[in-house]
Amino acid sequence: PPRSTLFPYTTLFRSMEAILDDCHGLPVVNFAPRDPMILENEPADVMYVLIEGNVEVVRGGVPVMQMTAPGSLLGEMSALSGRPYSATVRAVSDVTVYKIADPGTFLAERPVLLLRTAQMPALRLDNATASLSNPMADGARRDEFGVIEDVFGTLMNQAESRIVGRS
């Protein structure tokens, strides 16, 4: 693949390794399969850094993604925004994480880690928007994006109905 395709992933994995390095000495917490780690709409009072295991992110009762990569951040979007957690995170397997209590203060005191933390959702957003804008990129089959088209089509139809007054 061309370098431009690999660059975001290379940057992401370097950031994840660096985040793990920055967390040495923090409390380590273990979760058993199905244990909730973060609850949607609850105040964001903790952030986790995945050491090992498999976690599932669920938003509005819908599984959104699973994460297994060491250095993955859990609860970082709420830590950065100051808003309640936007999703539930639960253990799929035995999970080991670093626990960051009071993530806002913790990150404010560590500007390099704050930058790395901000890079993670920025890179995920960039990758997601790139996939949406060019569904044929990276050899993706057209039918893999049919669901996305259906969702956006439904949303657009609902919006048009409201504008025209056809609700």
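Me: Before we start, a contact here means heavy atoms within 4.5 Å. This is a predicted model, so what does Tyr-48 touch?

Reply: Leaving out residues up to four places away in sequence, Tyr-48 touches Phe-31, Met-37, Ile-38, Ser-72, Leu-73, Leu-74, Val-97, Tyr-98 and Lys-99.

Me: And what makes the set around Tyr-48 a nonpolar core?

Reply: To belong, a residue must be one of the nonpolar types, Tyr included, be buried, and be joined to the others through side-chain atoms within 4.5 Å. The largest such set has 16 residues, and Met-37, Tyr-48, Val-55, Leu-74, Val-95 and Val-97 have the most contacts inside it. At least two residues come from each of E2, E3 (46-52), E4, E7 and E8 (95-101). E3 gives the largest share, three residues. Another core, of 13 residues, lies apart from it, with Leu-26, Tyr-98, Leu-107 and Leu-113 among its members.

Me: How do you know that E4 and E7 pair?

Reply: Pairing takes at least two bridges between the strands. E4 (residues 55-59) and E7 (residues 88-91) have four, in the antiparallel sense, so they count as paired.

Me: Which sheet do they sit in, and why are E2 and E5 called edge strands?

Reply: The sheet is open, with four strands in the order E2-E7-E4-E5 and antiparallel pairing. E2 (36-38) and E5 (62-67) each have a single partner strand, so one side of each has no neighbour in the sheet. From one strand to the next, the twist averages 30 degrees.

Terms used: Residues numbered from 1 in each chain as written. Predicted model: local features only at pLDDT ≥ 70, side-chain atom pairs only at ≥ 80, totals over all residues. Heavy atoms only, no water. Axes fitted to C-alpha atoms, helices over the stretch in contact; angles between N-to-C directions. Buried < 20%, exposed > 50% of the residue type's maximum accessible area, 1.4 Å probe, protein only.
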